[in-house]
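Work through the exercises below with the sequence and the structure open. Each task is followed by its solution.

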Amino acid sequence: MEKTETTVSEEKPSTTGMRTLKLLYTYWYPTPVTTSPPFKNAICEPIVDTLKRISTSNTPPCQKMEQSEKWKFLKSCNTDRQMVLRGFIGMAELSFHMFSILQSAMHFRVIFRFLLFRCCLIWMIITHLLRIALAMVGLNSVQAIIDAPFSDSYEAPHQLGPDYIIPTKIPHVWNVKDPVKLNLQIGDSKFPPQSVVTYLENGVKKYPNNCAMLTIRNNTKIQWSYTEYLTDVRTAAKGFIKLGLKRFAAVAIVGFNAPEWFISHFGAIFAGGLPTGIYSTNSADACFHILSDSAANIAVVENETQLEKILSIRSMLPNLKTIIQYSGKPTQYDILSWENLMLIGKSVPDEILDRRIRSLAINQCCAVIYTSATTGKAKGVMLNHDNIIYTIRFFVKYVVVLPKGCQLSYLPLSHVAAMGKLGDYLLKARPVAFFGVPRIFEKISEKIREIEQEMRPLQRKIFQWARQNAMNYNKKKIASTNGAISAPFSYKFSRQIVLKKVKKRLGWDKTAFFFAGGAPFSPDVLNFFLSLDILITDCFGMSETTGPFVSNTIKNIRIGSVGKLTLGEIKFANTDEKGNGEMIVRGRNVFMGYLNLEEQTIKSFQSDGWFATGDIASQDKDGYITITGRCKELIITSGGENIAPVPIENTIKLLLPVVNNCMLIGEKRKYLTILLTLKTEVNMETYVPTNQLTITARHWCHEVGSQAQTVTEILDLPETKVLSAIQAKINEYNTDYAVSNAQRIQKWIVLPCDFSLPGGEFGPSMKLKRQFVLEKYKDVIDKLYAS
């Protein structure tokens, strides 16, 4: 008997205790649940999970409760829910302690069993009544939020908006609430200041029933008229306000392009909040930096993948009040669906939103764009209403003159991920205008070249003939002073028989305007598309200039330059003997300042509102501007010579069609070296480069006498033909292109894997992260300088 009692107390719960816990579990979680799903998830499941673990474990209940996910669960709840749950779970813990004490008794007699049963019965009745009471209150239910009375606590300093300008003389700020002085004297005076709200409302008045947005889901077209678009924006804005969006707090949007993305963006502005997009490829840590820095009250996520990132950091974000999932059905108990948001928004009177709108001012921040963090932490670029609307109106009037039709919204891609689908998007949309970063055009040109290599000899010859005709005509047209020359018959025939069909296969048969920006563009790629009768107008811009600042136009274009039409004023600082210097700009589209970064804001601006872009450029006698590199990318050799890497890297890729990416090295070194990666296929599930060479790369290898099919065959086997051919082209660069001995490449190496987004070499905007590459391949680089 003594031995039995010892076993009961130390090794496992008594049979009576087990029966009691199982009874409690059965009663606690009956099949016909009368509570609402949010309540069931919030209250029942954590306790049920605990009971399950207790009833199947040898650990005493009180100890098991201590080891549970209790505190992790509580940290993820808001304050009101914590108060209820802590009291509720506290009562459960008290009972578990009672069970543990009773099980540990040396003499478990009938009277204790009876008392235990009575206590459990009373406890079950109390908790069940509590559960029903909480369900009636509607804890965390959408209906409870809808039915709850609401009044906006925000006390606006004025009700003169949204087109009010707050008087101030401050040129730039870092506090999100501070207004700035608008540079109205710079730029086109035909565009008076206007708020984003007014601009959208005017568009709706002008085109109330026109299609504003269209998407395809489950093979069904879903579209919004401008009237419906504005209605949904206002509804989302009201929902944000009721869910706790404070004035000047952020609505962070994480996901791929969708109508809900745009509605959330404008809804945040209407509600007096600040929309901020987050790249869908950002890590949880990167998301945390943006959510924390912008004091986001609301996160709008696309799906479960993005939701998991936010949930993993939610406990560290005290300002975050609500998470909304716009694609799919949320599985978490306290995550709202898009439909929930719209239902909540419809319950808010219009007057509440209208008061928020009247509190807006044109010269206050209305959006925050975070930089791609290529060289460090992402900085929040604050834009006001005039920044955005002036840029749009100027660009539409002077740069992009579009016929009626649709445009494709697909950027930012997190680009490799969407490249496989871009062709399908284009064929479905057939846009009248197409904007892309240079990387996209490079990939498209590579694919066309691969198809060209697979053509039959006669087809290839006709295709090349048509391309040459288009190239000759377009070059003459660009060189013409007025851009008007008579088209020869050979060009007309080539366009009609060959080139129009190519455009149709690409989904560009209706595209009247092609536009590129965001990174340096190789003249070779621009000329390739020119041979397809596709004129791409390149531009320069950045987040700090609200997008484009200087651009080519269809009538005034120079291949290799970013144009001469500017949205503001430009000058160059610290120019060298060739006229290259840092480009400094000012104008109505130049941003307000960096959010919460006083020192960096002050350092970036000079007197009278001039902003230092950090880009090195020159301007020719005709006014065309050419970007040669970034100040931070400049290589300063041990001999003191400044070398811009991008022009050299572009030349190497032009000479070596087998090379996909390369990076020049030589900072504080005696000579230059270069890392090369070859063109390889990409795994479209993981977006990781494979070992298999592309058709273009294999064709080049064949031309130099090699039958290599993979990178491994070139590097691991004695494949001297490919490596010798690469060395020959490096020698050609050194002889014909290097302008000084310091710019000659002394050594090179082919890396076993191409640069990629998953590999970390590229940022979300597909810009090369040079510092990351230096660190990742440090050992390889050190060997290049070892002897």
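**Exercise 1. State how confident the prediction is and where pLDDT stays under 50.**

Solution. The protein averages a pLDDT (the predictor's confidence in each residue, from 0 to 100) of 83, and 80% of the residues score at least 70. This is a predicted model, in which local features need pLDDT of at least 70, side-chain atom pairs count only at pLDDT 80 or more, and totals for chains, interfaces and linings use all residues. Residues are numbered from 1 along each chain as its sequence is written, and side-chain values use heavy atoms, with hydrogens and water left out. Over residues 1-86 pLDDT stays under 50, and the model has 121 contacts (heavy atoms within 4.5 Å) beyond four places in sequence for them. Residues 134-139 also stay under 50, with 11 such contacts. Where pLDDT is low, the predicted coordinates should not be read in detail.

**Exercise 2. Describe the packing of helices α18 and α24.**

Solution. Helices are DSSP runs of H or I with at least four residues, numbered from the N terminus. Helix α18 (residues 438-454) packs with α24 (residues 695-703) at about 55°, their axes 8 Å apart. From α18, E446, R449, E450, Q453 and E454 meet I695, T696 and H699 of α24.

Conventions: Axes are lines fitted to C-alpha atoms, for helices over the stretch in contact, and angles run from 0 to 180 degrees between N-to-C directions. Helices (H or I, at least four residues) and strands (E, at least two) are DSSP runs, numbered from the N terminus.
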